Amino acid sequence: MTDMTDNDGIKSMISEDGRPSRRSFLKGSAAVAGAAVASSIPASSASGEAVSKPNRAPAFVGGSNQKRPNLVFFYTEGQRPDCLSFTGNKLLKTPNMDRIAREGVFFDNSFCMNALCAPARAATMTGLYSHTTGAYGNATVRALPADIPVFTDLLHEAGYEVAMVGKAHSPNGLRERYWDYYCAFNGGATDYYAPHYHEGRKGEMGPEKVYRGKHHDDFPDNSAMDWTGVYADDWFTDKALEWLKEKRDKPFCLLLWHQAPHAPFYRPRRYLNEYNGVSIPIPDTFDADKDGYAGKPRAFADAQNKIGTMESWDRARTLEELVKDCYAGFRAVDDNIGRVLAYLESTNQLDDTVVMQSSDHGYFFGEWRSYDKRFMHEPSLRIPAMIRYPKLFQAGTRVKEMVINLDFAPTLLELAGAEVPENLHGRSLVKLAQGKETRWRKDFLYEYFDYPGDEQVRPHRGVRTERFKYFHYFLDPQEYEMYDLQKDPGELNNLAGKPEYASLQRQLAARVEELRRETGDHTRNAIVSPLKGV
């Protein structure tokens, strides 16, 4: 099996005639700063000119007498916030992720701004929307524009050693960027028992290789295997630990990004029989197709993301199989997070290390008989987010404000005392996590472009406020969804098009356009000439 990079679904999103390109946007021709805070501060200060040079943070937040922290960022695949025992899941046990949340800050309302692997990861690395980076879909051969920094570039300039290990799945896998250590693959998934990867050091990148090894000594029950492969995430964690154990005189930043439980949903040997005989709850909307998806637009009903009846490489055959395989994958990820935490603790580095954990997007577990992600509905929009750093954040803190994955880059940069570009669409979470932030976003922009492609989800963009959600499928025939999340958290009653909600729909539609302007989005409402391999 080779890396599963979807190269057919990417589109050429072009700028309107005479409007700024993303490059001129970065050089100062468009207003960008307003997305994070425009709904909570005066309009006159909601946007500003982009600048090409970043500004250094006023001071290292840990104080002048404290050394800069190490940074470890665990990034999971398709994890919903309820895929944690910390949040009340009775079937899935995640003691190591729970520990990060319990001993740090947990963000109860965390979201992605594009629920697809590569666009979400590009946003996390840059703090910028897809319409700015050009990372519209899962085609990842072309690199990000060179004038868009990723946060590890700025950490490297600030004196950090930086490493990427595991699932990169970003434009060009970010291989053109500087890495002190790189051992990763660029795709949705690699072979679970013979991982493909590139490995490089000190800015030099080697060719693609395939690892075929023996069973993993840390998990003795693997000795029963009758094959020689090693579970990919176990092996990538081995490589991360090897790098952590090297001698260094600089602080480090490790990105350990796991692939499980991405399709084809392979389990590690130690969990092959996990959840046998366990009953999986069936969502109330699982049989919505029998009523023709009443209230839902055809863009949702006709998408090729339905459990049991869709033929594709990442198909889900039954709800029970899907959920149990995903839970087993998360168990394996949690094991490997625990291995890293244990090493840091055994070497007295854990409390000197910022530990962040989140996911690229959520996932449907049978809601409306759906699987996968992409849509703006809550199951795919919501992600977990947590930070442990006892020198700054009080254990057990819960934050209710809405945070988005664009916030992760400026947060890690501020914690490191590194340069934070002023033109980022996200905001640092440091003051918010400390209870010192008095003004915060009340809404955010969502966008999805990858069409035609896997699951055939039509492009849409929308706005989520603290109470309402509105999104617009902007290709003809144009369709809409709108929900009152306070009264209807399950998104069962589509208010779009109902006369009594016409004023609200106009207001939310106008807000989408405001957020687009504030973030420099000049892409047309059209998808033109799919380009394979871009």
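In which strand is the place of Glu204? Glu204 belongs to strand S7, which covers residues 204-210. The model is a predicted one, in which local features need pLDDT of at least 70 and side-chain atom pairs count only at pLDDT 80 or more, while totals for chains, interfaces and linings use all residues. Residues are numbered from 1 along each chain as its sequence is written, and side-chain values use heavy atoms, with hydrogens and water left out. Strands (E, at least two residues) and helices (H or I, at least four) are DSSP runs, numbered from the N terminus.

Glu204 counts as exposed because its relative accessibility is 59%; the classes are buried under 20% relative accessible area, exposed over 50% and partly exposed in between, with a 1.4 Å probe and protein chains only. Tyr182 is 22 residues from Glu204 in sequence, and their C-alpha atoms are 9.2 Å apart.

S7 is part of an open sheet of ten strands, ordered S7-S6-S5-S4-S8-S2-S9-S10-S3-S11, with mixed pairing. Two strands are taken to pair if DSSP finds at least two bridges between them. S7 and strand S11 (397-404) are the edges: each has a single partner strand, so one side of each has no neighbour in the sheet. On average, neighbouring strands of this sheet are turned by 15 degrees against each other, direction ignored.

Next come pairings within the sheet. Strand S5 (residues 181-185) and strand S6 (residues 196-201) are antiparallel and share four bridges. Cys183 stands opposite Glu199 of S6. Strand S9 (residues 353-359) is joined to strand S2 (residues 70-76) by seven bridges, and the two run parallel; Leu71 has Val354 of S9 as its bridge partner. Four bridges join S9 to strand S10 (residues 385-388), and here the strands run antiparallel. Met356 has Ile387 in S10 as its bridge partner.

How many of the residues of S9 are buried? Seven of its seven residues are, and the strand is mostly covered. Thr353, Val355, Gln357 and Ser359 point one way from S9, whereas Val354, Met356 and Ser358 point the other way, and all are buried.

Helix H3 (residues 117-126) touches S2, strand S4 (161-167) and strand S8 (252-257), and its direction makes about 165 degrees with that of S2. Contact means heavy atoms within 4.5 Å. Helix H8 lies across S2, S8 and S9, at about 170 degrees to S2. Axes are lines fitted to C-alpha atoms, for helices over the stretch in contact, and angles run from 0 to 180 degrees between N-to-C directions.

H8 (residues 319-346) also packs with helix H2 (residues 95-102), at an angle of about 60 degrees and with the axes 7 Å apart. H2 and H8 are therefore oblique to each other; angles under 35 degrees count as roughly parallel, over 145 as roughly antiparallel, 65 to 115 as roughly perpendicular and the rest as oblique. H2 contributes Pro95, Asn96, Met97, Arg99 and Ile100 to the contact, and H8 contributes Phe330, Asp334, Asp335, Ile337, Gly338, Leu341 and Glu345. By class, the contact has six nonpolar, two polar and four charged residues. Here Ala, Val, Leu, Ile, Met, Phe, Trp, Tyr, Cys and Pro count as nonpolar, Asp, Glu, Lys and Arg as charged, and the others, Gly among them, as polar.

Side chains of opposite charge can pair when their charged atoms come close. The structure holds 49 salt bridges, each a side-chain nitrogen of Lys or Arg within 4 Å of a carboxyl oxygen of Asp or Glu. One of them joins Arg121 and Asp360, at 3.1 Å from N to O. Arg121 lies in H3 and Asp360 in the loop between S9 and helix H9 (378-381), so this pair ties together parts 239 residues apart in sequence. Both Arg121 and Asp360 are buried.

Asp335 and Arg270 meet in another salt bridge, at 3.0 Å from N to O. Asp335 is in H8 and Arg270 in the loop between S8 and helix H7 (298-301), so the pair ties together parts that are 65 residues apart in sequence. Asp335 counts as buried at 18% relative accessibility, and Arg270 is buried at 12%.

Lys324 counts as buried at 8% relative accessibility, whereas Glu320 counts as partly exposed at 43%. Finally, a network of salt bridges links Arg99, Glu103, Glu345, Asp351 and Arg388.
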